[in-house]
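Biologist: Before I rely on any label attached to this model, I would like to hear which value and which criterion stand behind it. Could we go through the labels in turn?

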Amino acid sequence: MAIEVKNLIKVYDERRVIDDVSFKVRDSETLAVVGFSGSGKSTILKLICGLVEQDSGDIIKSDGDIAMVFQYSALFDSLNVADNISFALHERRDLRKKYTEKQIRNIVAEKLEMVGLKGIENKFPSELSGGMQKRVSFARAIVTGPNSILYDEPTSGLDPISSTLIEDYIVRLKDETRAASIVVTHQMSTIERTADRVIMLYDGKIVFEGTPREMLAKNNEYTKQFVTASLEGPMHMLA
Amino acid sequence: MITLKQYYRQSATYKILRGMLRQFGSFLDTLGKITRNGIETAKYIFHGQIRWNEVIEQCRRFGISSLPITLSIVSMTTIIVSSQVANEMVKQGGGSFVGMLLTILIVRELGVIMSGFAIISMIGSSLASEIATMRVTEQIDAIEVLKVNPIQYLFVPRVLSGIIMMPVVLIIASVVGVLAGAVSSNLASGLSYISYFDSMWLGIYMKDLFVSILKAVCFGGTIALISCSCGYYASGGAKGVGQATTKAVVWSFVAIVIWDMFFAIAFFF
């Protein structure tokens with residue numbers, strides 16, 4: 001098991017944004033986490049990668065790195081693409097002495113090729129489109145060979161073709177790295193094309209767990225409302 | 001029926017007191033965070049975990065970028081003071097002490113405090129907004145996820161460059177300030193350059209130079225530390241960046257005045 005979350009609770013301003021959530025993700029499996037804005041999806045990712053501490057519950061992670069692809073890429077705007085990708089290799093104490101500069105250059109070129117962006121090493125993030133920035137952030141995430149990759153709304157703000165491209169890379173990265181992946185998304189296409197399993201959150205709780213096909217079958221009141229984008233149903237916009 | 005407690009809670013006194021308590025709590029919270037970051041930064045510096053390329057880059061920013069505005073402020077302040085003082089002192093027969101007076105003023109106070117103010121407005125605000133922008137655009141989260149310590153990566157080079165460059169800026173600004181005082185005194189009161197430069201050594205001792213440089217070291221480190229810390233805890237998008245920058249400037253101003261008072265009490269009482 002790559003990631004196991006048990007009875008997780010996180011409270012912000014006296015409100016449980018994550019309320020007794022438990023799930024598991026196996027190696028080379030992709031779990032999609034869906035739900036309304038403010039339902040606690042991104043908080044789950046932040047809890048898993050240690051950016052936020054839980055109030056109670058356990059997060060069990062297998063040894064190795066966890067990488068995260070942020071919603072707005074979060075590339076370092078003062079560094080060029082090559083330095084963004086090689087950031088951990090240059091700055092992490094355990095990796096700094098492991099590679100020579102030449103090896104790092106080769107790794108950067110290889111990762112860029114993997115995300116279809118060969119030869120843009122010297123460009124700065126501001127010179128790239130949103131889709132390209134996202135792909136560079138993929139390359140940065142996988143540079144340390146993580147065994148889990150977390151994606152926070154990887155296709156938000158992108159056109160449908162760029163979204164398809166990103167979804168393809170998510171699948172490809174999973175196949176090539178055998179990493180466990182958690183994808184937080186609103187997009188049905190991302191769920192259908194990338195996920196092996198889906199959990200749906202509402203008001204901090206899991207209200208559905210199953211495969212994308214089961215989700216689309218609309219047997220559950222919550223998924224039915226989500227899939228049909230209906231205002232009628234058990235879910236209401238959270239304050 | 002409204003209880004006494006409910007009535008009290010609705011009163012203006014309660015709201016004012018609560019607001020004041022909240023402000024005080026926020027003040028203590030900020031102070032605690034700055035102190036904690038300062039301790040962690042010092043730990044990295046003493047352990048020699050320093051990225052010197054980045055320190056040099058930050059020194060360039062701290063020193064060279066801030067120098068024009070610092071020199072302008074220090075020399076203009078000296079011109080204002082000397083044009084007021086020199087005339088009167090020459091009239092009263094104290095012309096031979098104008099150089100001494102202005103040099104003491106510049107070396108002990110004016111040079112360092114004006115350089116501090118210039119650096120806060122030029123560099124402190126820029127450090128705070130840079131790091132706050134990194135925070136709200138999740139770049140600092142990315143640094144943490146990549147298992148790099150943000151304090152070591154962001155704070156150490158900036159604080160160290162403040163410690164190194166502030167004394168350099170102070171020395172240059174003080175020299176320029178003294179020269180500006182000489183020219184201004186000459187133009188305002190006809191005081192000769194020989195008289196000015198002869199007297200400028202009369203009131204200055206090694207202790208003054210030492211205290212002034214020590215002050216600059218403390219000011220530089222404090223400005224960088226406060227600015228980085230205020231940026232580091234920013235939240236809430238563009239508004240948060242603005243608030244962090246304002247906070248950094250206000251806290252830095254207050255901090256260097258407190259430092260200045262501490263030095264005055266410790267060395268000149």
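Biologist: In what order do the elements of chain B run from the N terminus on?

Modeller: From the N terminus on, the order is α-α-α-α-α-α-α-α-α-α, and the secondary structure of chain B accordingly comes to ten helices and zero strands. Please keep in mind that this is a predicted model, in which the C-alpha trace of chain B spans about 80 × 60 × 35 Å along its principal axes.

Biologist: What confidence does the predictor give to chain B, and which elements have the lowest and the highest mean pLDDT?

Modeller: Chain B averages a pLDDT of 92, and 100% of its residues score at least 70. Among the elements of chain B, helix α1 (residues 4-10) has the lowest mean pLDDT, at 78, whereas helix α9 (residues 206-232) has the highest, at 96. For the complex, the predictor gives an ipTM of 0.90 and a pTM of 0.87.

Biologist: Why are α5(B) and α10(B) called roughly antiparallel?

Modeller: The axes of helix α5 (residues 98-136) of chain B and helix α10 (residues 237-268) of chain B come within 8 Å and cross at roughly 150°. Angles over 145 degrees count as roughly antiparallel, and α5(B) is therefore roughly antiparallel to α10(B). The residues of this contact divide into eleven nonpolar, ten polar and one charged. Those on the α5(B) side include Gly116(B), Ser121(B) and Ala128(B), and those on the α10(B) side include Gly240(B), Ala244(B) and Asp260(B).

Biologist: What makes α5(B) and α9(B) roughly parallel or roughly antiparallel?

Modeller: The axes of α5(B) and α9(B) also come within 8 Å, but they cross at roughly 20°. Since angles under 35 degrees count as roughly parallel, α5(B) and α9(B) are therefore roughly parallel to each other. The residues of that contact divide into 16 nonpolar, seven polar and five charged. As for handedness, α5(B) passes α10(B) in a right-handed crossing, and the crossing of α5(B) and α9(B) is right-handed.

Biologist: How do you know whether Gly162(B) is buried or exposed?

Modeller: A residue is buried if 20 or more other C-beta atoms lie within 10 Å of its own; Gly162(B) has 29 of them and is therefore buried. This glycine has its place in helix α7 (residues 150-189) of chain B. Leaving aside neighbours within four places in sequence, Gly162(B) is in contact with Phe62(B), Gly220(B), Gly221(B), Ile223(B) and Ala224(B). The C-alpha atoms of Gly162(B) and Ile123(B), 39 residues apart along the chain, are separated by 9.5 Å.

Biologist: Why does Met89(B) count as buried?

Modeller: Met89(B), which lies in helix α4 (residues 67-91) of chain B, has 20 other C-beta atoms within 10 Å and is therefore buried, given that the criterion reads 20 or more. Beyond its neighbours within four places in sequence, Met89(B) is in contact with Gly94(B), Gly95(B), Phe97(B) and Val98(B). Of the 269 residues of chain B, 43% count as buried.

Key. Residues numbered from 1 in each chain as written. Chains lettered and ligands numbered in written order. Predicted model: local features only at pLDDT ≥ 70, side-chain atom pairs only at ≥ 80, totals over all residues. Axes fitted to C-alpha atoms, helices over the stretch in contact; angles between N-to-C directions. Helix = DSSP H or I, 4+ residues; strand = E, 2+ residues; numbered from the N terminus. Parallel < 35°, antiparallel > 145°, perpendicular 65-115°, else oblique. Left-handed = near helix turned anticlockwise from the far one by under 90°. Contact = placed C-beta atoms within 7 Å. Nonpolar A, V, L, I, M, F, W, Y, C, P; charged D, E, K, R; others polar. pLDDT = per-residue confidence, 0-100. Buried ≥ 20, exposed ≤ 12 C-beta atoms within 10 Å, placed from the backbone.
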